[in-house]
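This report describes the strands, sheets and ligand surroundings of the structure shown below.

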Amino acid sequence: MALDDIYKEVILDHYKNPRNKREMPEATLRCSRNNPLCGDEITVFVLTEGEKVQEVAFLGQGCSISQSSASMMTEAVSGRPLEEVHRLIREFRGMMAGDVDPSEEELGDLVALRGVVKYPIRIKCAVLAWDVLQEALEGGTGEATGARPH
Amino acid sequence: MSVTRERSGALDVARIRADFPVLERTVGDKPLVYLDSAATSQKPRQVIEAEADFYAHHNANAHRGIYLLAEEATAMYEEARAKLARFIGAPDPACVVFTRGTTESVNLVAYAWARRELREGDEILLTEMEHHSNIVPWQLAARDTGAILRYIPLTDDGLLDLSDLGSLLTERTKLLAVTGMSNSLGTLPPIRELTRAAHAVGALVLVDGAQLVPHVPVDVTELDCDFLTISGHKMLGPTASGGLYAKRELLERMDAFLGGGHMIDEVFHDHATWNVVPYKFEAGTMNIAQEVALGAAIDYLEALGMDNVRAHEIELTGYALERLREVGARIFGPLDPGIRGGAISFWYKDVHPHDLATILNEEGIAIRAGHHCTQLVMRRYGVPATARASFYVYNTVEEVDALVEALAKAEAVFGV
Ligand SMILES: Cc1ncc(COP(=O)(O)O)c(C=O)c1O
């Protein structure tokens, strides 16, 4: 294993200069979740129009893998039809499960995260933003996973 | 820096290391540097062999059979109890109930004592530095009894803020549950003082000894605590070994915990009567081999001498704190090694603890990154997680150096 398998230039760039990292008041969908194991937090904002995902933004804090994955995700999915976004989510999950050879054409910068597969504990960091996006598209707000009274 | 290498003042570390088979292994092509003993300690050959020896030569259920093996197994199990009792200064082995560790011990008290004794409006006083295993069982007990939880807050430098203790600890307080040593800040709260103050208002005291007992000489008679929890796996023993110390009269008065075999005296159609203490709390087949091997871990620690164990850790912790601060790490917790243990939480520059742990792993260095089951501590200091290095008898100053040098790698990767 070599560190540059995981900490690729493009990952560090998205970590240091996150794209679309902002509150989006006009969002039609919004979902927050944290990873209780490590405290990483992501809120995803989605502006949908009919069957299209116009724009996605995020807020959050966490490690370079979770935050860069969120940043790259917002670029990858904005402006795409819902159906394609769902396909991307499947493709990304497949890549992180190690059973899909990612197509650079589909995933763009996101293929840089492929190296994380070798660090099983960190896979959940990479997938966090995608879990939140999927939950948002399914109408979830993430509150059910938060401070649920027992 | 005038720090003795290899042989610290108090312990012959090179010789100790030779007893730990896992320390011979490598991570990739780097020697393992294990700095996560606060999560679980490594095990010396003597402990591994004691467990294997039990299975190879003496295995039978304890307190059951009338044949030789069963007698041997029972005697070994009870000998381990006597060792654990002596190790913590308990007056009588019957004051020690075997459990799987601190989590089970706290739950035992929360069921068998708290649910019987607490009434609506009674208060349980905790601290903001407790491990979740000394919070959540009390939340559940409070939910069932109507009791109220209160917390002793923390100061900016990682100590208990006792300035308002008088209004937190009152005649409404029935129990003070406090850690003997914080697993995320390293802090050693003033247990003797707290016990005195709690008893003065009629409250009992439970000390979470998960970190304290492995690292500091403990005498429950002198501490005068009412309950002390012990995690064997953090003190060179097997996983799921450990126990609960309680004053005998409390154990006598408490309700049963788990129902089942061996914890009973007589069973009728509609009720049962309980076995004597401590067996009243040991239902079903216990971790016999593990508790026997915990006895071997205690022999090992006693041969080193707990005063020496503590002295070695003060030395390593002092050195590590100094080096980490030199390179600009932010330390969470007290800076004086005399009032803290060897679990050091820190942030290095702006490198997220997860990223730091991954980078250190490439150097063979095992540290913990996360909230360490102390989310109230993380919230208090405004961080989602910390990196934590923690030491035990086998760690060296060279390993501290390796840690500090590896931080430079993180700096190189992240350009911070
Ligand atoms: C202070 C403290 N309390 C409780 C626990 C829980 O102990 P165990 O996992 O042995 O039940 C730990 C360790 O994880 C700890 O460090």
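In chain A of this predicted model, strand 3 and strand 4 (residues 80-81) are paired in the antiparallel sense, with two bridges between them. Within that pair, Val53(A) is placed opposite Arg80(A) of strand 4 of chain A. Strand 3 of chain A (residues 52-61) also pairs with strand 2 of chain A (residues 41-49), again antiparallel, over nine bridges. Here Leu47(A) stands opposite Glu55(A), a residue of strand 3 of chain A. Strand 2 and strand 3 of chain A make up a hairpin that has two residues between the strands. Gly50(A), in the turn of this hairpin, has a positive phi of about 60 degrees.

Chain B contains an open sheet of seven strands, in the order 4-10-9-8-7-5-6, and its pairing is mixed. At the edges are strand 4 (96-98) and strand 6 (148-152) of chain B, each of which pairs on one side only. From one strand to the next, the twist of this sheet averages 20 degrees. Strand 5 (residues 123-127) and strand 7 (residues 173-179) of chain B run parallel and are joined by three bridges. One of the residues involved is Glu123(B), whose bridge partner in strand 7 of chain B is Thr173(B).

Which strands does helix 5 of chain B touch? Helix 5 (residues 136-145) of chain B packs on the sheet and touches strand 5, strand 6, strand 7 and strand 8 (204-208) of chain B. The direction of helix 5 makes about 145 degrees with that of strand 6 of chain B. Helix 7 (residues 191-200) of chain B packs on the sheet as well, where it touches strand 7 and strand 8 of chain B. Between the directions of helix 7 and strand 7 of chain B the angle is about 175 degrees.

A second open sheet in chain B has four strands in the order 13-14-17-16, with antiparallel pairing. Strand 13 (329-332) and strand 16 (368-370) of chain B are its edge strands, each pairing on one side only. The twist in this sheet averages 35 degrees from one strand to the next. Strand 16 of chain B is joined to strand 17 (residues 386-390) of chain B by three bridges, and the two run antiparallel. Ala369(B) lies opposite Ala387(B) of strand 17 of chain B.

Chain B also has a hairpin, made of strand 11 and strand 12 with four residues between them. Its strands, strand 11 (residues 264-267) and strand 12 (residues 272-274) of chain B, pair in the antiparallel sense over three bridges. Val267(B) has Ala272(B) as its bridge partner in strand 12 of chain B.

The ligand is surrounded by residues of chain B, including Thr102(B), Ser133(B), Thr179(B), Asn183(B), Asp208(B), Gln211(B) and Ser231(B). Ala210(B) and His233(B) are also among them. By class, the shell around the ligand consists of one nonpolar, nine polar and two charged residues.

| Residue | Distance from a polar side-chain atom to an oxygen atom of the ligand |
|---|---|
| His131(B) | 3.2 Å |
| Lys234(B) | 2.8 Å |

On its own the ligand has 390 Å² of accessible area, and the protein covers 86% of that.

Two backbone features in chain B remain. Most residues other than glycine have a negative phi, and most peptide bonds are trans. Ala240(B) is not a glycine, yet its phi is positive, at about 60 degrees. Where is Ala240(B) placed? Ala240(B) sits in the loop between strand 9 (227-231) and strand 10 (242-246) of chain B. The peptide bond that joins Val277(B) and Pro278(B) is cis, with omega about 0 degrees. Pro278(B) belongs to the loop between strand 12 and helix 11 (288-304) of chain B.

Technical notes
Residues numbered from 1 in each chain as written. Chains lettered and ligands numbered in written order. Predicted model: local features only at pLDDT ≥ 70, side-chain atom pairs only at ≥ 80, totals over all residues. Heavy atoms only, no water. Pairing = 2+ DSSP bridges. Axes fitted to C-alpha atoms, helices over the stretch in contact; angles between N-to-C directions. Contact = heavy atoms within 4.5 Å. Near = heavy atom within 4 Å. Polar contact = N/O pair within 3.5 Å; in protein donor to acceptor, adjacent residues only side chain to side chain. Areas by Shrake-Rupley, 256 points an atom, 1.4 Å probe, with all protein chains shown as cover. Nonpolar A, V, L, I, M, F, W, Y, C, P; charged D, E, K, R; others polar.
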